[in-house]
Amino acid sequence: IEYDAFAKATRSLIVAKRQGQADFAGLAQAVHNNRRLWAALAASVADPSNALPKPLRAQIFFLAEFTDKHSRKVLHENADLSLPH
C-alpha cells in the first residue's frame, strides 16, 4: 500500500513537471497529493506509539517538513519541482 501511494504521488509529480506551468491545475493537484502523503507520514511518526526507531522517525518528519516548505515555493514562487542543488 505504501509503495503504491509513493508511486502514484511520484508519477503525478513527474507528469506535472513535464507539463510545467502550462497545466497549473495539474501541478497544484500533484503537489497537494504529495503534501497529503507526507503529512500523513509526519502524523504517523509523531505518534509516540510508532514502533520505528526514533532517529528514523525524526528523519521522516524532517522530510515531511521539507516537502511542505518546498511545495509552497513551487506553488507560490514558481520554484522548480526538482530538489534544490
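# A quick tour of the helices

Asparagine 34 counts as buried because its relative accessibility is 12%, where buried means under 20% relative accessible area, exposed over 50% and partly exposed in between (1.4 Å probe, protein chains only). This is a predicted model, in which local features need pLDDT of at least 70 and side-chain atom pairs count only at pLDDT 80 or more, while totals for chains, interfaces and linings use all residues. Residues are numbered from 1 along each chain as its sequence is written, and side-chain values use heavy atoms, with hydrogens and water left out.

**Around asparagine 34**
- Asparagine 34 sits in helix H2, residues 24-46; helices here are DSSP runs (H or I, at least four residues), numbered from the N terminus.
- Setting aside neighbours within four places in sequence, asparagine 34 is in contact with Ala9, Leu13 and Thr67, contact being heavy atoms within 4.5 Å.

**Nonpolar cores**
- The largest nonpolar core is made of six residues: Leu13, Ala16, Leu27, Ala30, Val31 and Val74. Such a core is a set of buried Ala, Val, Leu, Ile, Met, Phe, Trp, Tyr and Cys residues joined through side-chain atoms within 4.5 Å.
- H1 (2-19) and H2 each supply at least two residues of this core, and H2 gives the most, with three.
- Valine 31 is in contact with Leu13, Ser71, Val74, Leu75 and Leu81, again leaving aside neighbours within four places in sequence.
- There's also a second, separate core of five residues, among them Trp38, Ala42, Val45 and Ile60.

**The second largest pocket**
- Which residues line the second largest pocket? They are Ala5, Lys8, Ala9, Ser12, Asn33, Arg36 and Leu37.
- On a 1 Å grid over the protein atoms alone, a pocket is an open set of points where a 1.4 Å probe fits, with protein on both sides within 12 Å along at least five of seven lines; lining residues have an atom within 4 Å of a point.
- H1 provides the largest share of this lining, four residues.

**Helix H3**
- Helix H3 (residues 54-76) has 23 residues, so at 1.5 Å a residue it should span 33 Å, and its end C-alpha atoms are 33 Å apart, which agrees. The expected span is 1.5 Å times one less than the number of residues.
- The buried residues of H3 are Arg57, Ile60, Ala64, Thr67, His70, Ser71 and Val74, and what covers them includes H2.
- After H3 comes asparagine 78, with a positive phi near 60°.
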